[in-house]
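Biologist: I am new to reading protein models. Could you take me through one, feature by feature?

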Amino acid sequence: MLAREHADARSNPQNARAEPDHPGRAGGYHRRPHRSGAAMPPFRDLIRDVPDFPKPGVVFKDIGPLLADPVGFAACIEALGAPWRNLAVGRTPKGSVPVDVVCGVESRGFIFGAALAQAMGTGFVPLRKVGKLPPPTLGIDYDLEYGSARLEIGADGIVPGTRVLLVDDVLATGGTFDAARRLLEQVGVTVVGAAVVIEIDALRGRARWPEAIPLHALLHC
């Protein structure tokens, strides 16, 4: 597999099958059954499986067709935001913690995170790879399967005490997503939840995520 945190985010074991996270919860759009009888999001067919890429034995999850389809992409963002819809500032039920900002992990987390922030009426803050942001920055180092990496955030990009929803496209081994959470907590914000489009169950990334913080995935592979 790719240096794991980029296969981490992009691929699943061969012969895996996608499943919806919460059968019957459609986030406002229609769902259709697939062969096993369970409902699947209509945008699932817009995520293309590319076998043996970038290396033999890996199935790459290509989101290009999903992003290019305006109806499918809109349905995906609607579903991604469904668990958090009432947590946008100004629409928060009594006793709930509102979301002030959506943070996305480089790079495809930017696409889904920024779109979700727009839909929720919040701001968006990117978490970037080392060297991509002008100083001053704050960062965190973390281990990959075959080395290490670093995530950074602009030192003035977010205010301590901000309530954040963390977003990425895929949860796989979970190293990058966990580092993103720790970086945000390090700068003094509260991570109130997390959302991903695809979770690769066999790689057990969820095991690295705190049980006390809600984590929702639209599809399971």
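**Reading the model step by step**

Modeller: Let us begin with one residue. At 60% relative accessibility, R204 counts as exposed. R204 lies in the loop between β12 (190–199) and β13 (215–220). Keep in mind that this is a predicted model.

Biologist: Is D52 buried, exposed or partly exposed?

Modeller: D52 has a relative accessible area of 44%. Exposed needs over 50% and buried needs under 20%, so D52 is partly exposed.

Biologist: Now the whole chain. How many helices and strands does the chain have?

Modeller: There are five helices and 13 strands. The chain has 221 residues, and 49% of them count as buried.

Biologist: What share of the contacts with a separation of 6 or more comes from residues 24 or more positions apart?

Modeller: That share is 59%.

Biologist: How do I read a salt bridge?

Modeller: Side chains of opposite charge can pair when their charged atoms come close. A search of the whole structure finds 12 salt bridges. Take D49 and K61: their closest N and O atoms are 2.5 Å apart. D49 is in strand β5 (residues 48–51) and K61 is in strand β6 (residues 58–62). The two residues are 12 apart, and the pair links distant parts of the chain.

Biologist: Which of these two residues is buried, and which is partly exposed?

Modeller: K61 is buried, with a relative accessible area of 1%. D49 is partly exposed, at 36%.

Biologist: Which residue does D169 pair with?

Modeller: D169 forms a salt bridge with R108, and the closest N and O atoms are 2.6 Å apart. D169 lies in strand β11 (residues 163–171), while R108 is in helix α4. Those parts are 61 residues apart in sequence, so the pair ties them together. Both D169 and R108 are buried.

Biologist: Where do R128 and E106 lie?

Modeller: First, their side chains meet in a salt bridge, at 3.1 Å from N to O. R128 is in strand β8 (residues 123–129). E106 is in the loop between β7 (101–105) and α4 (108–120). They are 22 residues apart. R128 counts as partly exposed, at 22% relative accessibility. E106 is buried, at 11%.

Biologist: Which residues are linked in a network of salt bridges?

Modeller: D178, R181, R182 and E185 are linked in such a network.

Biologist: Back to E106. What kind of peptide bond runs from E106 to S107?

Modeller: That bond is cis, with omega near 0°. S107 is found in the loop between β7 and α4. The peptide bond from P135 to P136 is cis as well, again with omega near 0°. P136 is in the loop between β8 and β9 (137–144).

Biologist: How do I describe helix packing?

Modeller: Two packed helices are described by the angle between their axes and the distance between the axes. Here, helix α3 (residues 70–81) packs with α4 at an angle of about 75°. Their axes are 10 Å apart. Angles from 65 to 115 degrees count as roughly perpendicular, so α3 is roughly perpendicular to α4.

Biologist: Which residues make the contact?

Modeller: From α3 come F73, C76, I77, L80 and G81. From α4 come I111, F112, A115, L116 and A119. By class, the contact has nine nonpolar residues, one polar residue and no charged ones.

Biologist: And aromatic rings?

Modeller: A pair of aromatic rings is described by the distance of the centres and the angle of the planes. The structure holds four aromatic pairs. One of them is F53 with F60. Their centres are 5.2 Å apart, with 85° between the planes. An angle over 60 degrees counts as edge-to-face, so this pair is edge-to-face.

Biologist: How accessible are F53 and F60?

Modeller: F53 is partly exposed, with a relative accessible area of 42%. F60 is buried, at 17%.

Definitions and conventions
Residues are numbered from 1 along each chain as its sequence is written. This is a predicted model: local features need pLDDT of at least 70, side-chain atom pairs count only at pLDDT 80 or more; totals for chains, interfaces and linings use all residues. Side-chain values use heavy atoms; hydrogens and water are left out. A salt bridge is a side-chain nitrogen of Lys or Arg within 4 Å of a carboxyl oxygen of Asp or Glu. Helices (H or I, at least four residues) and strands (E, at least two) are DSSP runs, numbered from the N terminus. Buried means under 20% relative accessible area, exposed over 50%, partly exposed in between (1.4 Å probe, protein chains only). Axes are lines fitted to C-alpha atoms, for helices over the stretch in contact, and angles run from 0 to 180 degrees between N-to-C directions. Angles under 35 degrees count as roughly parallel, over 145 as roughly antiparallel, 65 to 115 as roughly perpendicular and the rest as oblique. Contact means heavy atoms within 4.5 Å. Ala, Val, Leu, Ile, Met, Phe, Trp, Tyr, Cys and Pro count as nonpolar, Asp, Glu, Lys and Arg as charged, and the others, Gly among them, as polar. Rings of Phe, Tyr and Trp (its six-membered ring) pair if their centres lie within 6.5 Å; planes under 30 degrees apart count as stacked, over 60 as edge-to-face and the rest as tilted.
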